[in-house]
Amino acid sequence: WPKHPEERALARSVSAEMHSSFGALRSQMPMDVRGTHSVAETPALCADIERVEAIWADCRGRFGRSGHYLFGAWCAADAMYAPVVSRFRSYGVELSPVAAEYAAAVWEWPALQTLAAEAHAEPWSLDLGL
């Protein structure tokens, strides 16, 4: 977590929101690190995407100037949003420049690159019912 109390409080808040929200994003865009899919944009999904982008823009604008992540240096909040970055890539979500820059930095995080490589090496395939 960030060391500064205001940053830490916001990081915990946006992490809790990620943990408890975004039902349309989760249900309409199942995570598939290996695949590419299309998705029908429902109002609920669009609202979820807009909210994620707003969170990213707010955190980066207020606290992210010292690095590439939400609060500058990598923290737990970035780990919470890594699956969303993967979903946005898999479903070709067009992001604002700020969100796209952040998503690119998260995608290059070594642990996420390892996860993606291991997923691509799996012999089985997913049927997401899409």
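User: Happy to meet this predicted model! Is Ala99 buried or exposed?

Analyst: Welcome! Ala99 has a relative accessible area of 1%, and a residue under 20% falls in the buried class. So Ala99 is buried.

User: Where does Ala99 sit, and which residues does Ala99 touch?

Analyst: The place of Ala99 is in helix 5. Not counting residues up to four places away in sequence, Ala99 touches Glu53 and Trp56.

User: Let's move to helix 3, then. Which of its residues are buried, and where on the helix do the buried residues fall?

Analyst: The buried residues of helix 3 are Leu45, Asp48, Ile49, Val52, Glu53, Ile55, Trp56, Cys59, Arg60 and Phe63. Looking down the axis of helix 3, these buried residues stay within an arc of 150 degrees, so they line one face of the helix. Exposed residues on the other side of helix 3 are Pro43 and Glu50.

User: What covers the buried residues of helix 3?

Analyst: Several other helices take part in the cover. It includes helix 1, helix 2 (23–28), helix 4 (76–90) and helix 5 (97–107).

User: How far apart are the end C-alpha atoms of helix 3, and what span should its residues give?

Analyst: Helix 3 has 21 residues, and at 1.5 Å a residue they should span 30 Å. The model agrees with this expectation, because the end C-alpha atoms of helix 3 are 30 Å apart.

User: Are helix 1 and helix 3 roughly parallel or roughly antiparallel?

Analyst: The axes of helix 1 (residues 5–20) and helix 3 (residues 43–63) come within 12 Å and cross at roughly 170 degrees. Angles over 145 count as roughly antiparallel. Therefore helix 1 and helix 3 are roughly antiparallel.

User: Which residues make that contact, and how many are nonpolar, polar or charged?

Analyst: Helix 1 brings Glu6, Glu7, Leu10, Val14 and Glu17, while helix 3 brings Arg51, Ile55, Asp58, Cys59, Arg62 and Phe63. Sorted by class, the contact of helix 1 with helix 3 has five nonpolar, no polar and six charged residues.

User: Which residues of helix 6 are buried, and on which side are they?

Analyst: Helix 6 (residues 110–120) has Leu112, Ala116 and Ala119 buried. These three cover an arc of only 60 degrees around the axis, which puts them on the same side of helix 6. Pro110 and Glu118 are exposed on the other side of helix 6. The cover over the buried residues includes helix 4 and helix 5.

User: Finally, is Phe71 buried or exposed, and which residues is it in contact with?

Analyst: Phe71, found in the loop between helix 3 and helix 4, is buried, with a relative accessible area of 5%. Phe71 and Leu10 are 61 residues apart in sequence, with 9.4 Å from C-alpha to C-alpha. Leaving aside neighbours within four places in sequence, Phe71 is in contact with Pro2, Glu7, Leu10, Ala11, Cys59, Phe63, Gly64, Ser66 and Ala77.

How values were computed:
Residues are numbered from 1 along each chain as its sequence is written. This is a predicted model: local features need pLDDT of at least 70, side-chain atom pairs count only at pLDDT 80 or more; totals for chains, interfaces and linings use all residues. Side-chain values use heavy atoms; hydrogens and water are left out. Axes are lines fitted to C-alpha atoms, for helices over the stretch in contact, and angles run from 0 to 180 degrees between N-to-C directions. Helices (H or I, at least four residues) and strands (E, at least two) are DSSP runs, numbered from the N terminus. Angles under 35 degrees count as roughly parallel, over 145 as roughly antiparallel, 65 to 115 as roughly perpendicular and the rest as oblique. Contact means heavy atoms within 4.5 Å. Ala, Val, Leu, Ile, Met, Phe, Trp, Tyr, Cys and Pro count as nonpolar, Asp, Glu, Lys and Arg as charged, and the others, Gly among them, as polar. The expected span of a helix is 1.5 Å times one less than its number of residues. Buried means under 20% relative accessible area, exposed over 50%, partly exposed in between (1.4 Å probe, protein chains only). The arc is that of the directions from the helix axis to the C-beta atoms.
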